[in-house]
Amino acid sequence: MSNYEESSFVLTLPMNTTDFHIISFDKIFEVSRKIQNACLSEILKRHRLVQDNKQYRKNKRCIKAVNSKIKMLKNKKEIKFLEKELRSLYNKQKEIEFSIGLSEYAIHDFVAPTKRHFEGVLDINTAQKLASRAWGSYQKKRYGNGKKVHFKKYGSMTSIEGKTNKSGITFRKEGSKYFINVMGTKVSVTVKSMDIYAKEVLKNLKNIKYCRIIRKMIRGKMRYFVQLIMKGIPPRKRDKATGLFKVRLGKGRTGIDPGTQTMAVASDEVALLRELAPELDNLENEKRLILRKMDRSKRYTNPNKFNPDGTFKKENLDRWNFSNNYIKLRNKIQDIQRKQAAKRRQSHCQLANIILATGNEFFVETMNYQALQKRAKETKISEKTGRFQRKKRFGKSIANKAPALLVSILEYKCKFLGANFHQINTWTAKASQYNHETDDFQKKKLHQRWSQVGNFTIQRDLYSAFLIKNINTTLDKIDKDLCAETFENFIKNHDLEISRLKLSMPTIFSMGIEVS
């Protein structure tokens, strides 16, 4: 992000809340929930009015007919004429939507009288941001990114934000202390004396775009934080002891092959094969035991909800009854999930810093993780057992390890540090199938974790990362000559990494490391 004005980053600081502040914030968050739900309800009401409009339905049929005609035609002049007609129909649709009031700014007008019902609790800027949030959820459903919109349940509102730092939710400095003001409720904010990064960010408060208040349940207590959305590029973090930058770029090209549980990296200096967020395994075991306790408790207090064979009654619509112990366990599982998310992000940031030190030009294979999460459609029978094979794929490992999060963190850091980040064309490069020695493609089964390249047996993921590093300038094909030049050096790095892995005794089967 070379343009300073277009960039932004977030600084999160804890708030020193008292019981009085918590009562006040609980009221503000509950009112915010009601306003957002009211906006969402009004949007859906207007959406139904638009869908019931005769002219709108007629235009919709015309758009469908014109689109089908365009697909069949080959004459460019006729296609251009129909595209012009299509634009005209879309404009007519928009006019109908605006006349009924199905637009973001029309919902902003709707929220003004709604906000007056809760006078003195929320300012108009915060209320309009809630309206925009409701509009955003409707847009996701409308354009196919979401199945349906969800209303906020009681106590489920976790954040509110303003539009500017001038009114409503404001952040100010008074003497040497910092305060956040939310509609007259003034709360001090903690900035640690050793936090060099936060102090550097807060040197110029004019860079604050707006403020966001978030709340989290931590160890059974509700904690409040302020997030300052700042203009510009974040300052680079320094080591407290040495004063040197924590993240430093290396030199040269680096190839990255992301997996569901591992990340393979190959550069001129090193070859790395790392497990993603290994710290989460212990928490997963603890989580599994609590979920079993919760299930037993739920079955005991709701016997009418289950069949004699233990299966759930879909037709039963009775209200669920949860014991106090179940609620305690539910809060505990939420706290574990919060810890998992925090540890996962911290682990990914640390690994991203290690990867950044390997080069200054990064090439990543794109992966469709959403497709990998879904169950297999085809029903297969195992040749060994004669039983039906499980349709589960990689949903649980992707949810636990979050490989896409690491890629997004790496891309974000590259932009701010001035490194080049490229995503290659996976379908044409075929890094997992290509052999640069024979210059051909050979499909491998998932359990085959080693590739035979000439006289060398190479770990499959590391070899893919090496090939990705040697992609051509158009990012769609592996450069065979470049592979031949750097292959000898890669073999040395590869053997060192495999030796390290054998000593560390990894538990991930997909690495293919057999410990003697």
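How many residues lie between strand 3 and strand 4 in their hairpin, and which residue in the turn has a positive phi?

**View 1. The hairpin of strand 3 and strand 4.** This hairpin has 2 residues between its strands, and glycine 175 in the turn has a positive phi of about 70 degrees. The model is predicted: local features need pLDDT of at least 70, side-chain atom pairs count only at pLDDT 80 or more, and totals for chains, interfaces and linings use all residues. Residues are numbered from 1 along each chain as its sequence is written, and side-chain values use heavy atoms, without hydrogens and water. Strand 3 (residues 169–174) pairs with strand 4 (residues 177–182) in the antiparallel sense over 6 bridges. Strands are DSSP runs (E, at least two residues) and helices likewise (H or I, at least four), numbered from the N terminus; two strands pair if DSSP finds at least two bridges between them. Arginine 172 stands opposite phenylalanine 179 of strand 4.

**View 2. The hairpin of strand 4 and strand 5.** Antiparallel pairing over 5 bridges joins strand 4 to strand 5 (residues 185–189). Here asparagine 181 stands opposite lysine 186. Methionine 183, in the turn, has a positive phi of about 50 degrees.

View 3. Strand 2 pairs with strand 6 (residues 208–218) over 3 bridges in the antiparallel sense. Serine 159 has isoleucine 214 of strand 6 as its bridge partner.
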